[in-house]
Amino acid sequence: MEYFYLSTYYRITLTALIVVMTLVEVARLYLGYLGNLQEKAPMLLFHLFNPHLILLPVEWATGLLYLAFITTEIVLSIRALRRLAAQLEERFHLAHLHLHQERAEGETA
């Protein structure tokens, strides 16, 4: 429905972009499918879930380091989101307080 309200130039550009994006997505899916067939993805799954594989100490160290980074990232992101929510809540309340003060001043005048 909204498509008909657009200018002709924008319609042509939008249609061309959608066609190009569709072709690129089809090519990406096809190449990904071929890549998975050539790299033998089932063999990769076997190596991931085989309990008899021996892990080297370097792999344990990098895994623990990665886990520490992810844990730190999660904790810091939760703190940042809480601070952001508190700041937005404060702005909301201050805006409404300012609005009510203007209305009160308008009624008394």
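Mentor: Helices are DSSP runs of at least four residues, and strands are DSSP runs of at least two. In this predicted model, the protein chain comes to three helices and zero strands. Read along the sequence, the pattern is α-α-α.

Trainee: Why is Trp 60 called exposed?

Mentor: Exposed means over 50% relative accessible area. Trp 60 has 52%, and therefore counts as exposed. Trp 60 belongs to helix α3, residues 57-108.

Trainee: What makes the contact of Arg 28 and Glu 25 a salt bridge?

Mentor: The rule asks for a side-chain nitrogen of Lys or Arg within 4 Å of a carboxyl oxygen of Asp or Glu. The N to O distance here is 2.5 Å, so the pair meets the rule. Both residues lie in helix α1 (residues 8-39), three residues apart, about one turn of the helix. By this rule the count comes to one salt bridge.

Trainee: Why is Glu 25 called partly exposed?

Mentor: Partly exposed lies between buried, under 20%, and exposed, over 50%. Glu 25 has 34% relative accessibility, and so falls in between.

Trainee: How much of the protein chain counts as buried?

Mentor: Of its 109 residues, 1% count as buried. The protein chain exposes about 10800 Å², of which carbon and sulfur atoms supply 71%.

Methods
Residues are numbered from 1 along each chain as its sequence is written. This is a predicted model: local features need pLDDT of at least 70, side-chain atom pairs count only at pLDDT 80 or more; totals for chains, interfaces and linings use all residues. Side-chain values use heavy atoms; hydrogens and water are left out. Buried means under 20% relative accessible area, exposed over 50%, partly exposed in between (1.4 Å probe, protein chains only). Accessible areas come from the Shrake-Rupley method with a 1.4 Å probe; for residues, only the protein chains shown count as cover.
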